[in-house]
Structure formats: C-alpha cells, structure tokens
Amino acid sequence: MTRIFRSALVLAASLAIAPAIAAGISGAPAPFDQGGVKVALVSYISSGDFFEAYQSGAQAQARKIGIDLRVFPGKQDAAEQRSQIEQAINLGVKAIVIDHGLPESLKDVAQKAVDAGIKVVAFDVNLDNAKIPQVEQSDHQLARLALEQALKENGESFNAGYVYVAGFAPLDRRHEVWEEFKKKYPGIKEAARFGVVNATTAAGVADQAKAVLRAHPEISVAFAPYDEFARGVKLAVNELGLQDKVKIYSADVSTADIREIIEPNSPWVATVATNPAVVGAVSIRAAALAVAGSDPGHAITVSPVLLTQKALAESGAKTVEELSAKIRAFGASEAATAAWISQ
C-alpha cells in the first residue's frame, strides 16, 4: 500500500468521525466534552517504519478522544523543528507533543510554549523541564534485555561492533547500559564504534559497517540499538557473506523488521521493542490528561518486550499488528489512562 493511499485512508477515517469529534465525549472533562481540541505533534524524524507507526498510533488515539491533531513531519532539521513548534504555538494549540530532537535546540522554545499556557509532552528527547512530562520506552531496559540475550547466546567474552550516535536521548540512555555492561563483563571488547542518523540512516550505516567489518574480522556481535541501525548492519553482513559469523542485537521493531529477522539465515537474531503505535498513543493520552487538568506523571514509561528470532518465527506473526494481537504486553499499555479515554 502506498503512502498516498494510506494517507487517503487516514483522511477518510478522520472525515467519517468528524461529527463525533464535534460533539465531544460524554462525561469527559473540559475541553474534551466539547471536542475539536487542537494538539500538535512535532517530530524530528519521520522517515522509517518506527516513526511512521508512532505517528499512526498517535493519530488513531487522537481520533478516539476528539483531538484535532496537527502533524508537523520531521526533516532531521533542528532549525525546522524549532520553527514548527513556533507555528504550533501561533496556531493556539492546547498541547504540543515533541517527538525526538536535539535538546539544545528545543529547550527554550519548549519553555516558550509552557509560558504561553500550552501543555508540552516530550517523547524520547530530554528537555530537562519539570513541567514537561517525558514519555520513554524504558530505554535502559531495552538495551539491558538485548545485551543479556547477547550474553546468553555468545558468552561473556566477544568482540563487538557498536552503532551509536550521541545527542539523541533514547540512544544516550541505551549507551549508558552498554558502558555498564562493558565494565561488568571485561571480556566484551568494543572493536569499533560507528553510526549516522540522517534521511537514509540504514544505507549510511551499511556503508560504515562494511568498512568496519572488513577492518575488524574479529567482530562476532553487532549491538545496534535502533532498528534502522540494525537494518544497515544486516545489509553489510549479507553483502560480505558473514551471516554465519556475525549476530545482530537491536532495539525497536516494525513489520519490515519482523520479515528481515525471520528470513532464512538472517544474522539479525533478536530485538527488544515496544509497539511504536502504542507509544504514539501513550504520548497523545499524556497530552490529553495534561490538557484536562490531570497529572500524567513526569516519567511515563512503556515497558519493552524481548523478541528473539525463534520466538518471532514460532508466533507466526508477519506484521506488528499480528504481533500485538499475540503478545498483549507488546500490544497495549496502561500508561497515561483514564476512564474517559478510549484506547
């Protein structure tokens, strides 16, 4: 299904439920009893399956509770994201969800929104502001579960290629766990560190990984704690014919990832993930609670699930939606809920 067709379906669904939004939700606190509550979702990255699913989940949750969601797509451009937040403020939205980004370019403009009486929720970007709830996927747990699986399958001594780009809150939190594991298990050697985040992350990482794997044939484990990183490493491993030598452990999952993990002789052996659509829904619910005058909490965590190659194959799931139906912990979250909020 093309993106254009998907967008058409989303638009059709939005139009179909417009009367319900206009009427508001019976028994909901103001302003949700009236409907049509304007909220902005401002992203830093919008390319890649994870971010598309996150946005889709946010849009679906918004429709269920009468939110008029204005989506500002990410372009991996810090200045553009700042400008989009300014635009959202000028639109008079009740809340802004900031999805990823560079903290140093966002803190002041996020504070400007708060000063204007707008509720702000941050997903996977640390704005260091007591008034801004932080939604995260328990990034420490994501990394810990992936690395524990690597230890289980490879022992406590191995040479690793590590994919990391500093400055992104989720990657920085996952990095903290990587550093802890290296100290705890001195047999784990970081043979090489590389990575890039841009509009073609997987392709960029693939080029780097090919050079790294040629220069460091001792690498047997790749820790790539973001699925676009893992996809890039897998491209390199396959091109170099190292599927039987290098195992890839990652974080995050998408329908495309499931296919790549369970394909025959795939070097991508495990990932740890939350459902990005669920995380998107939780972000919107947190914003809605704040707008309604409730405290969603400062740290809102969606717990992750370990998904091994074997478990994914045995589940029979071919899509994230099928996986959600088969594994409840992956398919739903009780974070940021209330009796009047439909999920």
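This is a predicted model: local features need pLDDT of at least 70, side-chain atom pairs count only at pLDDT 80 or more; totals for chains, interfaces and linings use all residues.
**Exercise 1. Find how many cavities of 30 Å³ or more the model holds, and describe the lining of the largest cavity.**

Solution. 
1. The count comes to two cavities of 30 Å³ or more.
2. The largest cavity holds about 110 Å³ of space.
3. Its lining is made up of 13 residues, and those closest to the centre are Phe-51, His-100, Pro-170, Leu-171 and Tyr-226.
4. Sorted by class, the lining of the largest cavity has eight nonpolar, two polar and three charged residues.
5. Helix H3 (49-64) and helix H7 (169-184) each supply at least two residues of this lining. H7 gives the most, with three residues.

**Exercise 2. Determine which residues line the second largest cavity and which helix gives the most to that lining.**

Solution. 
1. About 40 Å³ of space lies in the second largest cavity.
2. The lining consists of Gly-161, Phe-194, Ala-209, Val-212, Leu-213, Ile-219, Ala-222, Val-233 and Val-246.
3. By class, eight of these residues are nonpolar, one is polar and none is charged. Gly counts as polar, and Gly-161 is in the lining.
4. Helix H8 (residues 201-215) gives the most to this lining, with three residues.

**Exercise 3. Describe helix H8 by its span, its buried residues and the elements these pack against.**

Solution. 
1. H8 has 15 residues and reaches 21 Å from its first C-alpha to its last. This is close to the 21 Å expected at 1.5 Å a residue.
2. The buried residues of H8 are Thr-201, Ala-202, Gly-204, Val-205, Ala-206, Ala-209, Lys-210, Val-212 and Leu-213.
3. Those buried residues pack against strand S6 (158-163), strand S7 (188-194) and helix H9 (227-240).

**Exercise 4. Decide whether Val-125 is buried or exposed, and list its contacts beyond four places in sequence.**

Solution. 
1. Val-125 is found in the loop between strand S4 (119-123) and strand S5 (134-136).
2. The cut-off for buried is under 20% relative accessible area. Val-125 has 0% relative accessibility, so Val-125 counts as buried.
3. Leaving out residues up to four places away in sequence, Val-125 touches Ile-98, His-100, Gly-101, Pro-103, Leu-106, Gln-134 and Ala-169.
4. The C-alpha atoms of Val-125 and Asp-99 are separated by 7.0 Å, although the two residues are 26 residues apart along the chain.
5. His-100, one of the residues touched by Val-125, is also among those closest to the centre of the largest cavity.

Definitions and conventions
Residues are numbered from 1 along each chain as its sequence is written. Side-chain values use heavy atoms; hydrogens and water are left out. On a 1 Å grid over the protein atoms alone, a cavity is a set of points where a 1.4 Å probe fits but cannot get out, and a pocket is an open set with protein on both sides within 12 Å along at least five of seven lines; lining residues have an atom within 4 Å of a point. Grid points are joined across faces, edges and corners, and a volume is the space filled by probe spheres set on the points. Helices (H or I, at least four residues) and strands (E, at least two) are DSSP runs, numbered from the N terminus. Buried means under 20% relative accessible area, exposed over 50%, partly exposed in between (1.4 Å probe, protein chains only). Contact means heavy atoms within 4.5 Å. The expected span of a helix is 1.5 Å times one less than its number of residues.
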